[in-house]
Structures are given as structure tokens and as C-alpha cells.
Amino acid sequence: MRYAVRALGWATKILWILIIVFSVTSVYSAMNVRMSLGQPQAFVSSEFILISVPLFVNNAGLYDLSEINMTVAVMDYQQSVLSTSTTFVPLIPRGGNLETTHNVSMSLEDGTSKLLDYLFNDSVFILDMSLKLNFAHSVPFRVSTNMSVPWGAPLYNFSIGQVSYNFLNLTHQEAIIPVSFENHSPYFSVDGVMRVEIFNDNGELFGFSMSDLNVPSHSSYIGQTEIAVDVSRVTGGGEVHFYFETSAFSAGPVVIPYG
Amino acid sequence: MVEKKQTKPFARKFVPKIIKAALLLIITYLPFYFLSVFIEPYQSFFPWYAPTTDLFAAVFMIFLVAGVFTSGTIYQYVFGVARALVTMIFSIYVLNGGIVDLVVPIEGASVNIMVDLTVILAMIVLICLLGIGKNVVQAIDFVSTKGEDKEL
């Protein structure tokens, strides 16, 4: 009986020591894990918006971090889910580093109206982020948060002024179309080419031109497009179609009536 | 002379017990003290921690002192079992059954933190059960030894 009691006593003591040592070293290790997110990069095409967020983890603790699962759900201001993306890292050993990129892709396949909405109107995205990991292969840990991210439209308040005509010769005139917009995007500048096509009231294309754009973030563009047009087709009204090919996005036609 | 003879066994019997109880109290109080100092900056996230821990520490120490003063009797083991039970219940309560869920406000956003400490809680419960088992075995041993002494 005495031996049994002694064995139980030792087992209890050893287990207490193990728990205390594990708890203390776990807290110490957790305090030595550094995590940070880099500057997000955005890319917009006619099919999707891609936001890449660099993720850095430095595990200077005493235990491994395993099964790291980062999930980001993006919702629009109406709370409808636009995208859910996951980055999985099987293991960051103790003393190891991780540099990866978390890509959030939002499909715009259900119509170009959504893309146009994001190109021309400021909005708010709601990010639902969660990070799960296994600490020391035995303690699951999850941190999650909800945050609103303002979306700045790169072509905010895009508009044209009064179309005017300059005399060139007997058969051709120069249509002058004033164009203005504000690049509200904090992520990218609008640099590329803007193609402008002008149609008359009969829907006939009677002139087009290409203009270079270079509008940095948070700055305005006020310019004009000159198009040589056939005088015989000018009706005084119609539509102007804009196509954008920039390093960050491709969009068009954006149709604006004139006259 | 008679008074002196009565005082001596009393002192011999209780002074070591008082010293032992005092030492055990100090040793037991130290982890609680350091834990409180460590937790203090994060007190707002654990508002329930301080009152619960104070109550637990008080109950645990009462059982500890009672165990010391009743050593040599069956009650020593009864208090030992009570101590292990209190530790077990406190651990389950404080660790919320193993799932610790906190809401921490950071820069205007609320961050939910969930830590699954089931493994650690399971080990603590196991230790407490071992402690209860040990005390029960010791109590049986104590009773049987006493019975043998009486027969002799």
C-alpha cells in the first residue's frame, strides 16, 4: 500500500511540474511569435478583383506552430459574401520564418455592373478574418475579427463636359470632349490607355482616339480628348464609349450620352 | 510544575504544525501572487479572474491548514480529497471547460480570441483524480493500520 501511495505521489508531482513548465514556456513562446501583414496590392480585371496581402510570421518561440489556416471572407456593404479565401501553412518550426501572400479574389462574373460600380463609386468592404493554428501540436488557437475597409473608386465621378467642335477642313471637324474623374483608390494609380469612341444619334461610329492616362492615387484628372470626325455624320447628339486598359484594371465600354 | 508539563506537549505538538502550515501557506500563496501580478495588466479582459481566484485561494488554504492540523487523523485525508476536488472544480470553471473565449478591443475593432486548453485541463483533472486516489488509498491504509494496532 505504501508503495502505491508513494507512486501516486510522485506521479502527481511530476505531472504538476510538467504542466507548470509547459504553461510557462508556452506563454513565453507565444509572446515571441511575431506576425505582421504587409502593404496590400490590388489588381482589377473585367473578371475579378485580386487583393494580395503579404503575411510574415517569425516563430521565435520554443514550440512549433502547425496547421496555420488563414481565412478571409469579403462581404459588400449589403453583407452578401463576395469571396472566401484561405491560406494554409502546414508547419512553421520553432525558430522558423514564414513569408507568404494571402490572395483575396472577388469574382465579377455575374455581370460587369458590379465592376463598374466599384470603378465609379466608393464603397465599403467588410472583411471577416480568422486565423487558426495549433500551438505546440496540442493547443488549438483561433483569432478572428471583423473590419470595414473603405474602397476608393479609381474613376470616381467620371464625367464628360459639353462636346464642342473645331473646324479642321471642309470634310472633317475636331470633336473636343472634356473628361474628368478622381482616383480615390489608395491601392493603385490609373496609368494606361483610354480609348474613346464617339457615336451619333443613328448609332454610327464616326470617330475614335486613344489617350494616355497617368493619375496617381488620391488625385484628380481633368483633361480633354480630341477626335477628328466626319462632318457629314455629326448629328449633334449620341453616345461616347470609353475603354480603359490600365496596369490595374481593364474595363469598357463605359457609355455616356452627349448632346 | 504541573502547568509546565501540560504546556510542553502542547507546544511540541502544535508549534511544528503551525510552522509547517505557515510555510505551506507561503509556498502556496506565491504562485497565486505571481499569477495575479502577471494577469494585472490584462485584468479588464478577465474581470472574473480576481474574485474567483481569491475565493479559490482562500478555500484551498483553509483546507491546507486544516489538513496540517488534523495530520495523524483520518480527517487529514478528507481535507486532502476536498483540496483536490476544489482544485479540479476551480480549474474547470476558470478554463471554461477547456475553451477560453475572449473578446479584446484593438484599435476600435473587437478581436475574438479562442484558445482550446482541453489537453491542459485534462491533465489537471487527471492530477486531481490521482490526488484523490492517493488520499483515499492513504485513508484506507491509515484505517487498516489503526485496526491492526487495536487488535494487537
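**Strands S10 and S11 of chain A**

Phe167(A) stands opposite Gln173(A) in S11(A). The two strands concerned, S10 (residues 164-167) and S11 (residues 172-183) of chain A, pair in the antiparallel sense over four bridges, and a hairpin through four residues joins S10(A) to S11(A). Here two strands are said to pair if DSSP finds at least two bridges between them. Strands (E, at least two residues) and helices (H or I, at least four) are DSSP runs, numbered from the N terminus.

Gln173(A) itself has its place in strand S11 of chain A. Not counting residues up to four places away in sequence, Gln173(A) touches Tyr165(A), Asn166(A), Leu168(A), Ile227(A), Ala228(A), Val229(A), Val231(A) and Val234(A), where contact means heavy atoms within 4.5 Å. The C-alpha atoms of Gln173(A) and Phe206(A) are separated by 11 Å, and these residues are 33 apart along the chain.

**Basis of the model**

This is a predicted model, in which local features need pLDDT of at least 70 and side-chain atom pairs count only at pLDDT 80 or more, while totals for chains, interfaces and linings use all residues. Residues are numbered from 1 along each chain as its sequence is written, chains are lettered from A and ligands numbered from 1 in the order in which they are written, and side-chain values use heavy atoms, with hydrogens and water left out.

**A four-stranded sheet in chain A**

Chain A contains an open sheet of four strands with antiparallel pairing, in the order S13-S12-S15-S16. Strands S13 (205-215) and S16 (250-258) of chain A stand at the edges, each with a single partner strand, so one side of each is left without a neighbour in the sheet. On average, neighbouring strands of this sheet are turned by 20° against each other, direction ignored. For such angles, axes are lines fitted to C-alpha atoms (for helices over the stretch in contact), and angles run from 0 to 180 degrees between N-to-C directions.

Within this sheet, strand S12 (residues 190-200) of chain A and S13(A) pair in the antiparallel sense over ten bridges. The bridge partner of Asp191(A) in S13(A) is Asn214(A).

Six strands, from chain A and chain B, form an open antiparallel sheet in the order S5(A)-S4(A)-S7(A)-S8(A)-S2(B)-S1(B). At the edges stand strand S5 (81-92) of chain A and strand S1 (99-106) of chain B, each with a single partner strand, so one side of each is left without a neighbour in the sheet. The twist averages 15° from one strand to the next.

S1(B) and S2(B) run antiparallel and are joined by eight bridges.

**Interface of chain B and chain A**

In the interface, 26 residues of chain B are in contact with 21 residues of chain A. The area buried between the chains is about 2,200 Å², of which carbon and sulfur atoms give 76%; buried area is the accessible area (1.4 Å probe) that two parts lose on being put together, summed over both. In chain B, Met114(B), Ile127(B) and Leu130(B) lose the most area to chain A, together 24% of what that side buries.

Across this interface the rule finds zero salt bridges, a salt bridge being a side-chain nitrogen of Lys or Arg within 4 Å of a carboxyl oxygen of Asp or Glu. Four residue pairs are in polar contact, both residues at pLDDT 80 or more. A polar contact is a pair of N or O atoms within 3.5 Å; within protein, one must be able to donate a hydrogen and the other to accept it, and residues adjacent in sequence count only if both atoms are side-chain atoms. Strand S2 (109-116) and helix H4 (118-151) of chain B each supply at least two residues of the side that touches chain A, and the largest share, 15 residues, comes from H4(B).
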